[in-house]
Amino acid sequence: MASCAPPHDRTGHTWHHGDKLLFDYTKFGGYQTLKQMGVTDVKSGMPGFEYTLSDQEIWDILAFIKESWPDRERKLQEQRTEAEQTEGN
C-alpha cells in the first residue's frame with residue numbers, strides 16, 4: 001500500500017532532495033523514478049505528470065513550493081542540488 005505524500009513545507013521532506021530528483025519524480029512518477037534508481041522495495045503512489053504538465057510548468061511548481069521553505073531548508077536543498085550535479089545524478 002502506498003503512503004500519502006508528505007507536506008511540501010519545511011515539515012515534510014521534499015527539501016531533502018535535489019532538483020533533478022524532484023523534477024523526475026514529478027514528471028515520471030515515483031515508481032518509474034525509483035525504478036530507474038534501482039530502488040524496488042519502496043512503493044510510491046506519486047503519479048507522473050509527463051503528459052499533463054510541460055517541463056516549464058513542473059519547474060514553476062517546484063519554484064512555488066520552494067518559496068514556502070525557510071532560508072535554512074532552502075539552502076540545504078540547494079546544497080543537495082549541487083551534490084546531485086557533482087555526482088552526475
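This is a predicted model: local features need pLDDT of at least 70, side-chain atom pairs count only at pLDDT 80 or more; totals for chains, interfaces and linings use all residues.

Colleague: Good. Is α1 mostly covered or mostly open?

Modeller: Mostly covered: of the 10 residues in α1, seven are buried.

Colleague: Which residues are those buried ones in α1?

Modeller: They are Asp 19, Leu 21, Leu 22, Phe 23, Asp 24, Thr 26 and Lys 27.

Colleague: And what do the buried residues of α1 pack against?

Modeller: Three helices: α2 (30–36), α3 (55–67) and α4 (71–87).

Colleague: Let's take α3. What are the angle and axis distance for α1 and α3?

Modeller: The two pack at about 120 degrees, and their axes are 10 Å apart. That angle makes α1 oblique to α3, because the roughly perpendicular range stops at 115 degrees and roughly antiparallel needs over 145.

Colleague: Which hand does the crossing of α1 and α3 have?

Modeller: Right-handed.

Colleague: Which residues meet there, between α1 and α3?

Modeller: From α1 you have Asp 19, Leu 22, Phe 23, Thr 26 and Lys 27, and from α3 there are Asp 55, Ile 58, Trp 59, Leu 62 and Lys 66. Sorted by class, the contact of α1 with α3 holds five nonpolar, four charged and one polar residue.

Colleague: Rings next. How many aromatic pairs does the count come to?

Modeller: One aromatic pair. The partners are Phe 23 and Trp 59, with ring centres 4.7 Å apart and planes at 15 degrees, so the pair counts as stacked; the cut-off for stacked is under 30 degrees.

Colleague: Is Phe 23 buried or exposed?

Modeller: Buried, because its relative accessibility is 9%, and buried means under 20%. Trp 59 has 36% relative accessibility, so Trp 59 counts as partly exposed.

Colleague: Switching topic: where is His 16 found?

Modeller: His 16 is in the segment before α1 (19–28). With a relative accessibility of 34%, His 16 counts as partly exposed.

Colleague: How many Å separate the C-alpha atoms of His 16 and Gln 32?

Modeller: 19 Å, for two residues that are 16 apart along the chain.

Colleague: Last one: what follows α1?

Modeller: Gly 29 does, and its phi is positive, near 90 degrees.

Methods
Residues are numbered from 1 along each chain as its sequence is written. Side-chain values use heavy atoms; hydrogens and water are left out. Helices (H or I, at least four residues) and strands (E, at least two) are DSSP runs, numbered from the N terminus. Buried means under 20% relative accessible area, exposed over 50%, partly exposed in between (1.4 Å probe, protein chains only). Contact means heavy atoms within 4.5 Å. Axes are lines fitted to C-alpha atoms, for helices over the stretch in contact, and angles run from 0 to 180 degrees between N-to-C directions. Angles under 35 degrees count as roughly parallel, over 145 as roughly antiparallel, 65 to 115 as roughly perpendicular and the rest as oblique. A crossing is left-handed if the near helix is turned anticlockwise from the far one by less than a right angle, and right-handed if clockwise. Ala, Val, Leu, Ile, Met, Phe, Trp, Tyr, Cys and Pro count as nonpolar, Asp, Glu, Lys and Arg as charged, and the others, Gly among them, as polar. Rings of Phe, Tyr and Trp (its six-membered ring) pair if their centres lie within 6.5 Å; planes under 30 degrees apart count as stacked, over 60 as edge-to-face and the rest as tilted.
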